[in-house]
Amino acid sequence: MAKKRTYANQKGGVTKTTTVVQDMIQSRLLGKRALLVDTDPQGNATYALGYHPDTLKHTVYTVMLGQSSLNDALLHTYFDPQTGTYFDPRNTRRMQELGITSLEQARRGPDLLPNNILAATAETDLQSHPSWGTVLRDILEDIDALYDDIGIDTNPSLGKMTVSAFCAADYAIIPLVPETLPSQGMIQLCKTFVEARKYNRKLRMAGVLFTRVRYSSHEETIRDIRGPVLQHLNTRQDLPDLNLSCFEATIPENALFEKAIKDRTSIILANSISAPAIAYWQFYTELMKSIDGLGYEKAQQMYLQLQKGFQKQQEEEKAKKRRGRTVKPSIESKGE
């Protein structure tokens, strides 16, 4: 059975989409069968994996409404092995630009249940459905045996689509920028998680992943959350058996993310030996260990190998800078 995990936070800009995309790509790189489910009406995960959301007639949402079949909506994803760029296999012009003449030259990414702006009306559309909270769960149960890992991206809200994602998952992960405002929303997010667990007894909290870490103030906030904030949340009577914890891995802010989004690739593929890519492998290794996921040993080996390569790269760059330094000539005294 697939390990299903939902990435959720009602605050936008905390890298939910970036993280779930990395997660599913890492699963594929380790040879696992992976599916990314995009429940965000913005369709950012759909876009990241090569498709233009607004051109799609069949989505996970139309499947939820009974307007499409699962086979209609399910898509294969492909990327250029040279650049890591994802593309729509129906777009022959784009394939030519990448120098790909057939899909045999490309590599398969995770499968995709896409989404687009049509899902923006979910709050009213699903209201008349008596069991709207379990619709997505029932859909994924039909294909559970086909995958090892299923990652669910959510929109920045605690509405019906996010609750549906909680009801469909085994684990919840909270990507969080360690700042005051994003942190203040954790109580309401945890309350929604606890409420969803009434309908999904399997749901567990995998943990908080700190993302976009950059400033010294971020480090202070991380220490505060790991300490008194977690203690407070885990002892609240209205949050029974929350068992919230934090991953040791933290994801640094880096300009490479913006470039990867622009190029429709990922840090994992385009910049494998980089600080953020290695941080994501550390996170993935922790995640696999905590949920007893398939491929933990391979993930750990990949993490250690890339970490070693990164350290070697850093040492070479330092040595190069030292060699490039020149000794300034002494100033000769006047008259000599």
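**Chatting through helix packing and buried residues**

Trainee: Where does phenylalanine 87 sit?

Mentor: Phenylalanine 87 belongs to strand β4, residues 86–87. Helices (H or I, at least four residues) and strands (E, at least two) are DSSP runs, numbered from the N terminus.

Trainee: Before we go on, what kind of model is this?

Mentor: This is a predicted model, where local features need pLDDT of at least 70 and side-chain atom pairs count only at pLDDT 80 or more, while totals for chains, interfaces and linings use all residues. Residues are numbered from 1 along each chain as its sequence is written, and side-chain values use heavy atoms, with hydrogens and water left out.

Trainee: Good. Is phenylalanine 87 buried or exposed?

Mentor: Phenylalanine 87 has 1% relative accessibility, so it counts as buried. Buried means under 20% relative accessible area, exposed over 50%, and partly exposed in between, with a 1.4 Å probe and protein chains only.

Trainee: Let's switch to helices. At what angle do α14 and α15 pack?

Mentor: Helix α14 (residues 275–290) and helix α15 (residues 296–324) pack at about 155 degrees, and their axes are 9 Å apart. Axes are lines fitted to C-alpha atoms, for helices over the stretch in contact, and angles run from 0 to 180 degrees between N-to-C directions.

Trainee: So how are α14 and α15 oriented to each other?

Mentor: They are therefore roughly antiparallel. Angles under 35 degrees count as roughly parallel, over 145 as roughly antiparallel, 65 to 115 as roughly perpendicular and the rest as oblique.

Trainee: Which residues make the contact?

Mentor: From α14 there are Ala275, Ile278, Trp281, Gln282, Tyr284, Thr285, Met288 and Lys289. On the α15 side, the contact has Tyr296, Ala299, Gln300, Met302, Tyr303, Leu306, Gln307 and Phe310. By class, the contact of α14 with α15 has 11 nonpolar, four polar and one charged residues. Ala, Val, Leu, Ile, Met, Phe, Trp, Tyr, Cys and Pro count as nonpolar, Asp, Glu, Lys and Arg as charged, and the others, Gly among them, as polar.

Trainee: What about α1 against α14?

Mentor: Helix α1 (residues 16–29) packs with α14 at about 75 degrees, their axes 10 Å apart. That makes α1 roughly perpendicular to α14. The residues involved are Thr18, Thr19, Gln22, Asp23, Gln26, Ser27 and Leu29 of α1, with Tyr280, Trp281, Phe283, Tyr284 and Leu287 of α14. They divide into six nonpolar, five polar and one charged.

Trainee: New topic: how many aromatic pairs does a search of the whole structure find?

Mentor: Six. Rings of Phe, Tyr and Trp (its six-membered ring) pair if their centres lie within 6.5 Å, and planes under 30 degrees apart count as stacked, over 60 as edge-to-face and the rest as tilted.

Trainee: What is the geometry of the phenylalanine 166 and phenylalanine 193 pair?

Mentor: The ring centres of phenylalanine 166 and phenylalanine 193 are 6.0 Å apart with the planes at 85 degrees, so the pair is edge-to-face. It links distant parts of the chain, with phenylalanine 166 in helix α8 (residues 160–168) and phenylalanine 193 in helix α10 (residues 186–196), 27 residues apart. Both residues are buried.

Trainee: What covers the buried residues of α10?

Mentor: The cover includes α8, β8 (171–176), α9 (180–184), β9 (204–213) and α11 (216–234). The buried residues of α10 themselves are Met186, Leu189, Cys190, Thr192, Phe193, Val194 and Ala196.

Trainee: And asparagine 200, where does it lie?

Mentor: Asparagine 200 is in the loop between α10 and β9. At 2% relative accessibility, asparagine 200 counts as buried. Leaving out residues up to four places away in sequence, asparagine 200 touches Arg137, Phe166, Cys167, Ala168 and Ala169, so Phe166 of the edge-to-face pair turns up again.

Trainee: One last thing, what is phi of asparagine 243?

Mentor: Near 55 degrees, a positive value in a residue other than glycine. Most residues other than glycine have a negative phi. Asparagine 243 lies in the loop between α11 and β10 (246–252), and at 57% relative accessibility asparagine 243 counts as exposed.

Trainee: And is arginine 264 buried or exposed?

Mentor: Arginine 264 counts as buried, at 13% relative accessibility. Arginine 264 also has a positive phi, about 55 degrees, and its place is in the loop between α12 (255–262) and α13 (267–270).

Key:
Contact means heavy atoms within 4.5 Å.
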